[in-house]
Amino acid sequence: MGALRVLVAEDDAAIRDLLVHHLQRERFDVVPASDGNAALRLARTSADAVILDIGLPAIDGFDVLRALRRERRDLPVLLLTARTDEIDRIIGFELGADDYICKPFSPREVVARLKAILRRSGQVYDEPPIILTFGRLEIDEAAREVRVDGSAIQLKPREFGLLLALARNHGVALSRQTLLEKVWGYDFDGDERTVDVHVRRVRCKIEERPGVPQMLHTVHGFGYKFAPA
Ligand code: CA
């Protein structure tokens with residue numbers, strides 16, 4: 001947790017692994033996909049940005065992008081193509097790609113372009129806040145510590161991940177499914193009630209009156225929202 005999650009959709013395993021390696025070195029949380037179906041599924045729910053190959057099996061990159069733009073218009077997307085055709089470039093931009101890079105490329109350039117589009121989209125990638133402060137609550141990401149009124153609170157790793165995911169999106173309701181993916185990982189096949197159980201535990205530790213939460217609110221029929229009073 002803590003890092004931006006980048007989906008790398010590329011069917012060529014060598015290129016995919018190369019990108020994954022370089023992105024991880026830059027402290028991105030990387031999710032790989034090797035075909036268009038997986039790319040679309042993961043991009044819908046689990047990505048803060050997407051590096052998208054145009055020539056993907058099952059659903060090509062253009063169609064993935066087209067479908068994504070109907071749902072997540074502001075998700076940063078960097079297209080990769082083997083071709084240098086101007087036509088790819090034009091179609092890519094018309095479909096709403098944020099940038100475009102031709103193969104062969106240097107992985108460093110891909111990372112640099114990705115950072116540039118993240119900056120443009122307003123996402124912070126290089127200087128994540130060290131300590132998030134909300135009234136009496138402090139979340140120290142680097143130390144993975146939580147303090148209430150200055151006193152350290154013991155949270156288990158999933159509890160910390162859950163609180164951090166919600167706090168980093170404060171004011172935004174996150175569905176149980178989104179929280180499962182962010183905190184437990186997209187391949188976790190457990191129950192959404194797992195989230196409820198952990199929310200209850202976190203409330204008991206951070207809320208003055210856990211039964212009447214002032215920070216970690218239930219959004220009925222959907223999920224949870226961190227919105228300190
Ligand atoms: Ca390809």
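Author: A nonpolar core is a set of buried Ala, Val, Leu, Ile, Met, Phe, Trp, Tyr and Cys residues joined through side-chain atoms within 4.5 Å. The model discussed here is predicted.

Reader: Which residues touch the most other members of the largest nonpolar core?

Author: They are Ile-139 and Leu-162, in a core of 27 residues. At least two residues of this core come from each of S6 (131–134), S7 (137–140), S8 (145–148), H6 (157–168), H7 (176–184), H8 (193–206) and S12 (223–226). The greatest contribution is that of H6, with seven residues.

Reader: What makes a residue a contact of Ile-139?

Author: Contact requires heavy atoms within 4.5 Å. With residues up to four places away in sequence not counted, Ile-139 touches Ile-130, Ile-131, Leu-132, Phe-134, Glu-145, Val-146, Phe-160, Leu-163, Leu-164 and Ala-167. Apart from this core lies another, of 25 residues, including Ala-33, Ala-38, Leu-42 and Ala-43.

Reader: How do you know that S6 and S7 pair?

Author: Two strands pair if DSSP finds at least two bridges between them. S6 and S7 are joined over four bridges, in the antiparallel sense, and therefore count as paired under that criterion. Within this region, Thr-133 stands opposite Glu-138 in S7.

Reader: Why are S6 and S9 called edge strands?

Author: The open sheet has four strands in the order S6-S7-S8-S9, with antiparallel pairing. S6 and S9 (151–153) each pair on one side only, and they are the edge strands. From one strand to the next, the twist averages 25°.

Reader: What makes H6 a helix that packs on the sheet?

Author: H6 touches S6, S7 and S8, and its direction makes about 105° with that of S7.

Reader: Which atoms count as donors of the calcium ion?

Author: For Ca the limit is 3.2 Å, applied to N, O and S atoms. Asp-11 (OD), Asp-53 (OD) and Gly-55 (O) coordinate the calcium ion at 2.1 to 2.4 Å, so they qualify as donors under that limit. Water is not among the atoms, so the site may look incomplete. Along the chain, the donors follow the spacing D-x41-D-x1-G. Asp-11, in the loop between S1 (5–9) and H1 (13–25), and Gly-55, in the loop between S3 (49–53) and H3 (61–71), are 44 residues apart, and the pair links distant parts of the chain.

Reader: Why is Asp-11 called partly exposed?

Author: Buried means under 20% relative accessible area and exposed means over 50%. Asp-11 has 35% relative accessibility and therefore counts as partly exposed. Gly-55, at 42%, is likewise partly exposed.

Terms used. Residues numbered from 1 in each chain as written. Predicted model: local features only at pLDDT ≥ 70, side-chain atom pairs only at ≥ 80, totals over all residues. Heavy atoms only, no water. Donors = N, O, S within 2.8 Å, 3.2 Å for Na, K, Ca; no water. Buried < 20%, exposed > 50% of the residue type's maximum accessible area, 1.4 Å probe, protein only. Axes fitted to C-alpha atoms, helices over the stretch in contact; angles between N-to-C directions.
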